[in-house]
Amino acid sequence: MTSELTDPLQETDPQVRAALDDERARQESTLGMIASENHVSEAVLEAQGSVLTNKYAEGYPGSRYYGGCEYADEVERLAIERATELWGAEHVNVQPHSGTQANMAVYFAALDPGDRILSLNLTHGGHLSHGHHVNFSGQLYEVEQYDVDPDSGYIDYEGLRRMTEEFEPDVIVSGFSAYPREVDFERVQAAADDVGAFHLADIAHITGLVAAGVHASPVGVADFVTGSTHKTVRAGRGGIIMTEEEHADAVDTAVFPGGQGGPLMHNVAGKAVGFKEALQPAFVDYAEQVVSNAKTLAGVLRERGFSLVSGGTDTHLVLVDLRDSHPALTGADAEAALDEVGVVVNKNTVPGETRSPFVTSGVRIGTPGITTRGFGESETERLAELVADVLDAPDDEATIDRVGEEVDALCADYPVYGGA
């Protein structure tokens with residue numbers, strides 16, 4: 001055996017080893033509140049770093065294009081079986097490399113180039129892969145987008161229905177990347193039924209909330225359900241597609257060979273492990289706490305005078321609109337100020353946005369990561385006060401120093417993997 005196969009990373013590539021160590025230390029020493037991020041278990045990390053990274057397994061279990069896939073088959077079958085149980089789907093494909101590629105596969109399965117997509121506007125909480133012009137979905141298909149109501153901040157379902165009748169889409173996309181309220185999948189499905197359109201429910205952000213039963217499920221309602229597997233469900237990084245048996249062959253063919261080559265089998269292993277963890281009773285408690293913490297966060301920010309899109313949240317995220325309370329403070333400035341004290345959020349567009357998406361008028365703040373660390377309502381309430389303190393005085397050095405020390409203490413009290 002050559003030494004290159006057995007030497008530890010520190011000897012082979014100390015620069016990468018140092019970067020990984022620094023990243024682990026960064027995660028331990030900051031509070032991750034980006035709504036699309038989370039911390040997976042050591043078991044998921046182990047699976048994703050496994051020898052399955054060596055294996056090509058083009059095709060599906062029992063029908064591969066390469067030999068030596070018996071254990072890859074076993075892992076993928078476990079992932080499929082667990083996902084089927086977790087979400088109650090008839091057919092599951094666990095191979096998409098990401099949520100966006102899951103959406104791509106559904107479009108390929110259901111549409112021809114030039115067909116029509118109706119989806120939520122990006123600045124109102126939608127996603128690039130739902131038809132934005134810089135994304136393949138906006139370049140291959142004709143797209144119209146529905147909005148949230150400007151007064152309530154909730155999806156305008158009546159407006160969606162009117163647009164459906166006028167536009168006659170081939171697919172209606174429900175789901176979001178920055179919408180803080182529960183989606184009424186039944187109403188979207190009714191609009192799709194009226195014009196004979198397919199309904200794609202993208203639950204990328206809420207896969208774990210749906211699995212735990214703390215958010216309504218589109219499985220069995222929508223024709224296609226896609227999601228990410230590394231956000232609220234805390235499994236291996238990637239995507240997933242769920243559908244009925246009548247669409248199974250079309251979806252599987254659209255994934256491979258339609259849009260991908262060999263699946264990332266180490267990621268599939270990480271998905272299998274995470275799905276097993278999500279099937280345990282403790283996961284329901286976790287998901288309920290995620291939502292409870294988000295509501296606590298929203299409550300404190302409201303009391304401190306911040307405007308929230310829709311006034312609050314039903315999910316894992318809060319979208320702060322800074323224009324009323326802090327008109328001179330951009331989302332980019334808010335993100336930078338919070339990053340300085342060790343609270344990691346992301347700038348985000350808000351409905352009616354006038355600033356660049358690289359500047360924005362809002363910030364998106366999520367609770368999955370801090371809940372994984374063990375935060376309950378009391379810790380979240382204290383953290384929310386600290387967030388408000390920083391946003392109220394982003395240039396005050398005394399405030400930044402004080403909050404930074406308190407964040408350090410919270411990180412030490414609630415480590416991710418036992419500390420840095």
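**Reading strands and their partners**

Author: Three bridges join S14 to strand S15 (residues 362–366), and the two run antiparallel. Keep in mind that this is a predicted model.

Reader: What holds the strands of a sheet together in general?

Author: Strands of a sheet pair through backbone hydrogen bonds, either parallel or antiparallel. Here, the bridge partner of Asn346 is Arg364 in S15.

Reader: What is the order of the strands in the open sheet of four?

Author: The order is S11-S12-S15-S14, with antiparallel pairing. Strand S11 (307–308) and strand S14 (346–348) are the edge strands, each pairing on one side only.

Reader: Which strands does S8 pair with?

Author: Strand S7 (residues 171–175) is joined to S8 by five bridges, and the two run parallel. Within this pair, Ile172 has His199 of S8 as its bridge partner. S8 is also joined to strand S9 (residues 224–228), by three bridges, again in parallel. There, Ala201 stands opposite Val225 in S9.

Reader: Which helices belong to β-α-β units with S8?

Author: Helix H9 (residues 185–195) forms a right-handed β-α-β unit with S7 and S8. Helix H10 (residues 207–212) forms a right-handed unit of this kind with S8 and S9.

Reader: Is strand S8 mostly covered or mostly uncovered?

Author: In a regular strand the side chains alternate between the two faces of the sheet. Strand S8 (residues 198–202) is mostly covered, with four of its five residues buried.

Reader: Which residues make the nonpolar surface patch of about 400 Å²?

Author: Tyr56, Tyr65 and Tyr66 make this patch. Tyr56 sits in the loop between helix H4 (42–48) and strand S2 (59–60).

Note on methods. Residues numbered from 1 in each chain as written. Predicted model: local features only at pLDDT ≥ 70, side-chain atom pairs only at ≥ 80, totals over all residues. Heavy atoms only, no water. Patch = residues over 30% accessible without salt bridge, like charges linked within 9 Å, V, L, I, M, F, W, Y side chains within 5 Å. Areas by Shrake-Rupley, 256 points an atom, 1.4 Å probe, with all protein chains shown as cover. Salt bridge = Lys/Arg side-chain N within 4 Å of Asp/Glu carboxyl O. Buried < 20%, exposed > 50% of the residue type's maximum accessible area, 1.4 Å probe, protein only. Pairing = 2+ DSSP bridges. Right-handed = clockwise from strand over helix to strand, strands pointing away.
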